[in-house]
Structure formats: C-alpha cells, structure tokens
Amino acid sequence: MIDLYYAPTPNGYKITLFLEEVGMPYTIHPININTGEQFKPEFLAISPNNKIPAIVDHQPADGGEPVSVFESGAILLYLANKTGQLLSKSLRERTEQLQWLFWQVAGFGPMLGQNHHFNRYAPEVVPYAINRYVEESKRLYKVLNTQLEKTAYLGGDEYSIADIATYPWAKCYEHQKIDLQDYPAVAKWLDKVRQRPATQAAYKDA
C-alpha cells in the first residue's frame, strides 16, 4: 500500500497517473498548500522540502521499514523500479526515457511553473518576467515537439514515466500562452495520453 501526500497540481497528478496505470493500491492524504499544511512537522518528516507530492511505501522491496520518498521524479523512478513497469529494461530505451524524465523535472516543469506564476498568480504584472518565461516555454515546447515528431512517446515507442512526468504540465498549455497549432506533434501526443483509461481515472479520482 502506498500513502500519497498530494494536492491536485501537475506534480501531484504525476503520481496518481503512475499508480492508476499500474493498478497499485494507494491512499491519498490531501495536503492543503493554500493553508500551509505542507509546513507541518509531520509532513516535513516525509518531505523536508515542504513540497508535494511525497509517498510512504509500507511494503518496500527489501521487506524492511516503510520507505518515504519526496520529489516527483524520484517518486516515479522509485515506483518504476519497485513495479518493473513504465521504465524500459533495455539499456538504450531506458537511457532515453530517463533523459526525458530529467529534462522534465529540471526544465520543463520549473519553467512552466514560473510561467504559470507570472501569468496567473503574481500580485503585479511584470512584463519582463512574463515575456521571459513565455518565450522559454515556447522553446521547451519546440524541443518536445521535435522529439515527438520522431517517436510515439517521449522515450521511444513505449509509454513511460517520461510521458507521465510531462503530461500534467503540457496539459495546461492554455495557461502558459501556448498555441498548440504551433506544436502539432505535442497536440497528437496529448490527445493519445488523455485517452488512456488510467489518465482519465487519475484526473477523475484524485
């Protein structure tokens, strides 16, 4: 059983997408990030960076005490290794999938997060910041589109944790001032991932 400490954000959805895809039982523990629950000592004991998502695995592979994991990329990699699913066993394809996973957590997610902030939540309009992050978002979508013109999924022919990490952020393209007509391969990929039963379950239940 997995305890998932969660809020309905792109990073939170990454984990429900994985868990639904593999059919692993989990219990959601909602963390209200608007009221500061992420700063409570009991949550910080699991996620010292006071960010969601985080998990506790009560049945780790070594049979020992429960294992807690924070950071969405680390959680996806932990769960993929635990289940043997959604991460290729082939050296070359696994390497490709991991490259795109880390591309998402290091660049695509953080830059789009700043885009969201300055376009939707900042208390004042900062034209320089808006332009900077919109333009960087466009660059990243071009990188994503170029890859998806060559492969069915981000890491190759198979759906993987790289796609799971990227989808919840790309799904919010309208909030990022992105016109999908400029990125047709991304649009096709988004539609394909959206239609997966696990994707629909993750967004319905979480």
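## Ground rules

Residues are numbered from 1 along each chain as its sequence is written, and side-chain values use heavy atoms, with hydrogens and water left out. Because the model is predicted, local features need pLDDT of at least 70 and side-chain atom pairs count only at pLDDT 80 or more, while totals for chains, interfaces and linings use all residues.

Helices (H or I, at least four residues) and strands (E, at least two) are DSSP runs, numbered from the N terminus.

## The sheet

Four strands form an open sheet in the order E2-E1-E3-E4, and the pairing is mixed. Strand E2 (26–30) and strand E4 (67–70) stand at the edges. Each has a single partner strand, so one side of each lacks a neighbour in the sheet. From one strand to the next, the twist averages 20°. Axes are lines fitted to C-alpha atoms, for helices over the stretch in contact, and angles run from 0 to 180 degrees between N-to-C directions.

How do strands of a sheet pair? They do so through backbone hydrogen bonds, either parallel or antiparallel. Here, two strands pair if DSSP finds at least two bridges between them. Strand E1 (residues 2–6) runs parallel to E2, joined by five bridges. E1 and E3 pair in the antiparallel sense over four bridges. E3 and E4 also run antiparallel, with four bridges.

## Residues in the strands

Asp3 has a bridge partner in E2, Thr27. In E3, the partner of Asp3 is Val56. Ile2 stands opposite Tyr26 in E2. Ala54 stands opposite Phe70 in E4.

Buried means under 20% relative accessible area, exposed over 50%, and partly exposed in between (1.4 Å probe, protein chains only). Is E1 enclosed or exposed? Five of the five residues of E1 are buried, so this strand is largely enclosed by the rest of the structure. Ile2, Leu4 and Tyr6 point one way from E1, while Asp3 and Tyr5 point the other way. E3 is covered on both faces: Ala54 and Val56 are buried on one side, Ile55 and Asp57 on the other.

## Helices across the sheet

Helix H1 (residues 10–22) lies across E1, E2 and strand E3 (54–57), at about 155° to E1. Helix H3 (residues 72–83) lies across E1, E3 and E4, at about 135° to E4. Contact means heavy atoms within 4.5 Å.

H1 has 13 residues and reaches 19 Å from its first C-alpha to its last. That is close to the 18 Å expected. The expected span is 1.5 Å times one less than the number of residues. H1 is mostly covered, with 10 of its 13 residues buried. Among them are Tyr13, Ile15, Leu17 and Phe18. After H1 comes Gly23, with a positive phi near 70°.

## Rings and charges

Rings of Phe, Tyr and Trp (its six-membered ring) pair if their centres lie within 6.5 Å; planes under 30 degrees apart count as stacked, over 60 as edge-to-face and the rest as tilted. A search of the whole structure finds 11 aromatic pairs. Phe118 and Tyr133 form a stacked pair, 5.8 Å centre to centre with 5° between the planes. Phe118 is in helix H4 (residues 91–121) and Tyr133 is in helix H5 (residues 127–150), 15 residues apart. Phe118 is partly exposed at 21% relative accessibility, whereas Tyr133 is buried at 14%. Ring pairs also link Tyr6, Tyr13, Tyr167, Trp189 and Tyr203 into a cluster.

A charge sits over a ring if NZ of Lys or CZ of Arg is within 6 Å of the ring centre and within 35 degrees of the ring normal. The charged end of Lys192 sits over Tyr153, 4.5 Å from the ring centre. Arg196 lies over the face of Tyr159, at 3.8 Å from the ring centre.

Most residues other than glycine have a negative phi, and most peptide bonds are trans. Where is the cis peptide bond? It joins Ile52 and Pro53, with omega about 0°. Pro53 is in the loop between helix H2 (41–44) and E3.

Asn50 lies in the loop between H2 and E3. Its phi is positive, near 50°, and Asn50 is partly exposed at 22% relative accessibility. Leu86 has a positive phi near 65°. Leu86 lies in the loop between H3 and H4 and counts as buried at 16% relative accessibility.
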